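This report describes one protein model through its fold, its aromatic pairs, its nonpolar cores and its pockets. The sequence and the coordinates come first.

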Amino acid sequence: MRVLGRSASWPEARRIADVLRRETIGGALLLVAAVAALTWSNSPWAGAYEAVRDFRVGPGTLHLDLTVGAWASDGLLAIFFFVAGLELKREFVAGDLRDPRRAVVPVAAAVGGVVVPAALYTLVGVVGGGPLRGWAIPTATDIAFALAVLAVVGRYLPSALRTFLLTLAVVDDLLAIVVIAVFYTSALAVLPLVGALVTLAVFAVLLRRGVRAWWLLLPLAGLTWFLVHASGVHATVAGVLLGFAVPVIATGAGRASGASGAGHGPAERFEHRFRPLSAGVAVPVFAFFSAGVALGGWSGATSALRDPVAVGIVVGLVVGKTIGILGATWLVTRLTRARLDDGLAWIDVLGLAILGGMGFTVSLLVAELAFDGSAHGEHATVAVLAGSLVAAVLAGVVLRFRNRAYRLLAAAEAEDADHDGVPDVYQRDR
């Protein structure tokens, strides 16, 4: 029987705790970057912001004379997806997702958190007459922001809640990657794509044979990224494919040197090295060049939020994510033998489901792909920021209330232990 959040081993728990610490810092940097972009783009010096964002750099002969903003979304964000690919593969090979019985609840919750927001966005678009191309914008959860909120309001919340959020976000990332690759590829050049698969295969074989020389692997990774970019598939998909190519368990020279197990394999070491670069540089820089929208004051912001695109995004993030995650979790626990951890109540899952509506990094990327350069794109950015803020506030209220309840419970147990030597067992009302 699947017991939600209980079965993680001690090495797995240490790894998750380490990820949580880094992503929390990344969430703070992400917030600073977004606020800085909004402030600059709505200041008297907004022209300078646009000049920097739209400045072109790169070799034109290779069709890489991209704007700085494009380099941030196509180039730097590939590092974020590389780390996501590493995390995905590790979870499926050596983490909780390797066992279908353990994976069923977070997978179902993630799927519900994608399907319901997309359906609500589409419904709003049909009723309001808005374009439907942005249906995938409200389907993503920003794990850095979500974990940052948990860190602020949830000191006493059960660790099972954080573990569930992290696992759900891993599956959410996988679904987002599939959506970007399948639905937001306008034209496909077969020859560069075949070339990318060849260089990717060489990259994977070298890693399997224990090669760790950066001067060999890095050019291969860069060439794979370039060929995927040239093929018409969004270049960030190259990051995911490269992450999938890294072995989870040490092989070849790595095993011979004493590394053993998934915790000491190449994927773990690559993730340890690249996650700070992703959370501390790549994602904040992308946010800085994506969140800078000229609001036009209060009237401009409210006008943008009346666009059916914006309405669909906000409804999808705030309502759709909550219904999708909570509803899917409830259905799985009713239709299968899965159940919540004994330390969790349904109101805790409600708070987590609302928190899932914090869509930022991937939501902004999809908004760029769906409405690049149009007024709908600017309105979508405003909606992502607004919807994420509303979700953060609502989730903060619920989780803060639950954190207080868990804090009082912990204090009561500690006091009882001091008096009697053995703490009582408290049954929590669901």
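## Basis of the description

The model is predicted, so local features need pLDDT of at least 70 and side-chain atom pairs count only at pLDDT 80 or more, while totals for chains, interfaces and linings use all residues. Residues are numbered from 1 along each chain as its sequence is written, and side-chain values use heavy atoms, with hydrogens and water left out.

## Overall fold

The protein chain has 16 helices and two strands. These elements are DSSP runs numbered from the N terminus, with helices being H or I of at least four residues and strands being E of at least two. Of the 430 residues in the chain, 52% are buried. Here buried means under 20% relative accessible area, exposed means over 50%, and partly exposed lies in between (1.4 Å probe, protein chains only).

A contact means heavy atoms within 4.5 Å. Among the contacts with a separation of 6 or more, 79% are between residues 24 or more positions apart.

## Aromatic pairs

The structure holds 11 aromatic pairs. Rings of Phe, Tyr and Trp (its six-membered ring) pair if their centres lie within 6.5 Å; planes under 30 degrees apart count as stacked, over 60 as edge-to-face and the rest as tilted. The ring centres of tyrosine 49 and phenylalanine 288 are 5.6 Å apart and the planes stand at 75°, so this pair is edge-to-face. Tyrosine 49 belongs to helix H2 (residues 46–53) and phenylalanine 288 to helix H11 (residues 266–290), so the pair ties together parts that are 239 residues apart in sequence. Both partners count as buried, tyrosine 49 at 0% relative accessibility and phenylalanine 288 at 18%. One aromatic cluster is formed by Trp40, Tyr49, Phe288 and Phe289.

Phenylalanine 145 and phenylalanine 360 make another edge-to-face pair, because their ring centres are 5.1 Å apart and their planes are at 75°. This pair also links distant parts of the chain, 215 residues apart: phenylalanine 145 is in helix H5 (residues 143–153), and phenylalanine 360 is in the loop between helix H14 (346–355) and helix H15 (361–371). Phenylalanine 145 is buried, with a relative accessible area of 9%, and phenylalanine 360 is buried at 2%.

## Nonpolar cores

A nonpolar core is a set of buried Ala, Val, Leu, Ile, Met, Phe, Trp, Tyr and Cys residues joined through side-chain atoms within 4.5 Å. The largest core has 92 residues, of which Phe81, Ile137, Leu165, Ile313, Leu355, Phe360 and Val362 touch the most other members. Helix H6 (residues 159–183) gives the most to this core, with 13 residues. Leaving out residues up to four places away in sequence, valine 362 touches Phe80, Phe81, Ala140, Ala176 and Ile180.

A second, separate core has 16 residues, including Leu217, Leu220, Leu242 and Phe270.

## Two individual residues

Serine 231 is in helix H8 (residues 214–231) and counts as buried at 1% relative accessibility. Beyond its neighbours within four places in sequence, serine 231 is in contact with Ala187, Leu188, Ala189, Pro192 and Leu193.

Arginine 273, in helix H11, is exposed, with a relative accessible area of 63%. The C-alpha atom of arginine 273 is separated by 9.6 Å from that of valine 83, 190 residues apart along the chain.

## Pockets

Pockets are found on a 1 Å grid over the protein atoms alone: a pocket is an open set of points where a 1.4 Å probe fits, with protein on both sides within 12 Å along at least five of seven lines, and lining residues have an atom within 4 Å of a point. Grid points are joined across faces, edges and corners, and a volume is the space filled by probe spheres set on the points. The largest pocket has a volume of about 970 Å³. Its lining has 32 residues, of which Thr67, Ala70, Glu368, Asp372 and Gly373 lie nearest the centre. H15 gives the most to this lining, with five residues. By class, the lining has 11 nonpolar, 13 polar and eight charged residues. In this classification Ala, Val, Leu, Ile, Met, Phe, Trp, Tyr, Cys and Pro are nonpolar, Asp, Glu, Lys and Arg are charged, and the others, Gly among them, are polar.

The second largest pocket holds about 670 Å³ of space. It is lined by 27 residues, with Leu31, Phe145, Leu385, Ser388 and Leu389 nearest its centre. Two or more lining residues come from each of helix H1 (10–41), H5, helix H12 (297–304) and H16, and H16 gives the most, with eight. The lining of the second largest pocket has 22 nonpolar, five polar and no charged residues.
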